[in-house]
Amino acid sequence: MRAGPLLGLAARSLRADPRRAALDTLACCLGAAALAFFVALGLGARDAARRLFPGEARLVEIVPAQVALGGILGPAKLDTDALARLEALPGVEAVYPKLDLKVPITAARPPEGLDVHWPPSLAIQIPAVGVPAALVAPDLPPGARFEDPGPDGAIPIVLSRRLLDVYNGTIAPAWKTRTLPPAPALVGLQLPVQLGQSILLYRTEARVEEGRLVLAGFSDRVPLYAAAMPIETVRRLHRAFGKPEEPASRAALLARAQEDVPAVAAAARRMGFAVDDTERSMAERVGSLVGLAGAALGLVALVMCALAALAVAQSLGGSVRARAKELAVLRAVGASAGDVRALVLAEAALLGVVGGTLGLGVARVAAAGADRALARALPDSPLRPETLFAFPPWLLAVGLGVAVLAALVGALAPAALAARLDPARSLA
Amino acid sequence: MISLRSLRKSFRDAGEELRILDGVDLEVAAGELVAVVGASGSGKSTLLYVTGGLDAAYEGEATVAGRSWRALPERERARHRGATVGFVFQSFNLLPMLTALENVCLPADFRDPAPPPAERRARGLDALERVGLGAKRAKRPEQLSGGERQRVAIARALFAEPRVLLADEPTGNLDAASGAAVIEAFGALARQGLAVLVVTHEERVSQVASRVLRLEHGRLHG
């Protein structure tokens, strides 16, 4: 039997008993809606967590322990030897030493060429950390230079991507000034600064130099609170301002894979280092909670799909028994047992398609409602996610597919029953 | 066209074996209308379903249009039935969710290859016109009288241009006038070359039947 007539006959059979069809459709609808809603919530919440904590998932930030008892391999100092041993740890792809700049840098004028409102008395101290070029190179635009320019050159800096969101979302509205353009348009901006000048009392260095910072790009590998500059520049400034030499104040370990991160962190701890996991642990905690909640809710959704399959099985089973004579008539006019089986399965597939489509619509509406509730419940902030849900096309396909699958699974036994019915006995 | 040889079939009822067909032999040629009469429960319907290949649990040989049901796999049996046999039932057995025309065209859904939609509709309308119900093609069964329903059922049986027509008490639910019209229709179909086998209580069938046989104790008597 061809698909067209089969589906047409199946649709008319369903229309003949609209109450039963509506209940079965509702069961499929609820299953698909629950599945799509919960999976979309898991995906959306994970995306939101990634936007909140966008750090590279493979990076482990380590610092010398506050209370250093010494690891089994020696004291917890981030010297050259320790960096080499960290690089040799299993699962570590690269080690990037970081050096906090101990020379204060203050900006008292706006970036050149950028029309922003800068209050006359405003001075901003810019925390900075020195990093190797290799750490931020993947995020920089082609041709961007990230190397020590020497005493007279503009110092290249890289900022966190989120800084722009925070500025546009909070600072610009507070200052009633225009928001900044997208990140690529800002690359190359220069900011006049005073090296050695601090906004804090007694923290200004004995001498202050005029200098310039030039924005080389944005990266998720740079913390929100600081500007990253070449580590050679930090060492040069430390020498120029008489600060003590040190190889690194912290280090970023790049794991070969995200799965290696826990083992790498544990090995670093055994060496006597502390893992600075402020952002990472927050992201991991949020990610774990989202994953756990998503898995639990996904399980609930699958249970609902299984219940939908049971509902369809019970309903279609009853329908097949009630329609035994009709099915026998089909056999009398030329239908094979396989045709009758296919008809019942086609009815189930239609229920699944309609129920699944409705369910996906219900999930979208429920998600929109939840987002509106979230918007009312959380204060306006650039970090507030616009949505907690993500509906990628594959999820729509999966939602529909699972609804159809649940209906088909539920219809297996009724379809087999329909094929087994003795037409002569049913017609008698 | 119809050939039944040494047909035997029995049922188990409360542990006891009831032989409902006990060596039935019957030949029905094209253009012949054979009526089988008999008491209720004598096995007339069973004989019809075995003849039409709907009941496969029997002993002996049942052949329609030169092909033995037993020799055919289930799917082939269904296709052969759809192509060569038309059924008419006492209770019409129209599908309630379909219109008269859709009921008539139903066999087309199971033809292989299926006729194109336009041809399917044209043939269905033609079959309905032949039974005088072209104007009621859009009516559903519950909107038709008993006689009209039976005529729709006959049109459905004729849709596939079968070579054999099997009718199970076709006038059982009809008033006298409608029953007479149906009987007359069967006579006309036989004259057009169909092999018609009717099981019935209706004495008037004998007026148009080539032969009237009585089924008694599992055997046919002339």
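**View 1. The contact between chain A and chain B.** The contact draws 24 residues from chain B and 24 residues from chain A. Residues are in contact here if their C-beta atoms, placed from the backbone, lie within 7 Å. On the side of chain B that touches chain A, helix 1 (44-51) and helix 2 (74-84) of chain B each supply at least two residues. Helix 2 of chain B gives the largest share, six residues. By type, this side of chain B holds 13 nonpolar, three polar and eight charged residues. Nonpolar covers Ala, Val, Leu, Ile, Met, Phe, Trp, Tyr, Cys and Pro; charged covers Asp, Glu, Lys and Arg; the others, Gly among them, are polar. The model is predicted: local features need pLDDT of at least 70 and side-chain atom pairs count only at pLDDT 80 or more, while totals for chains, interfaces and linings use all residues. Residues are numbered from 1 along each chain as its sequence is written, and chains are lettered from A and ligands numbered from 1 in the order in which they are written.

**View 2. Chain B as a whole.** Chain B has seven helices and ten strands. These are DSSP runs numbered from the N terminus: H or I over at least four residues for helices, E over at least two for strands. Of its 222 residues, 49% count as buried, with 20 or more other C-beta atoms within 10 Å of their own, those atoms being placed from the backbone. Among contacts in chain B with a separation of 6 or more, 70% join residues 24 or more positions apart.

**View 3. The six-stranded open sheet of chain B.** The strand order is 6-7-8-3-9-10, with mixed pairing. Two strands pair if DSSP finds at least two bridges between them. Strand 6 (85-88) and strand 10 (219-221) of chain B stand at the edges; each has a single partner strand, so one side of each lacks a neighbour in the sheet. Neighbouring strands are turned by 20° against each other on average, direction ignored.

View 4. Strand 9 (residues 211-216) and strand 10 of chain B pair in the antiparallel sense over three bridges. L215(B) stands opposite L220(B) in strand 10 of chain B. Helix 6 (residues 176-191) of chain B packs on the sheet and touches strand 3 (33-37), strand 7 (164-168) and strand 8 (195-199) of chain B. The direction of helix 6 makes about 150° with that of strand 8 of chain B. Axes are lines fitted to C-alpha atoms, for helices over the stretch in contact; angles run from 0 to 180 degrees between N-to-C directions.

View 5. A57(B) counts as exposed because it has 10 C-beta neighbours inside 10 Å; the limit for exposed is 12 or fewer. R8(B) is 49 residues from A57(B) in sequence and 9.4 Å away in space, C-alpha to C-alpha.

Definitions and conventions: Contact = placed C-beta atoms within 7 Å.
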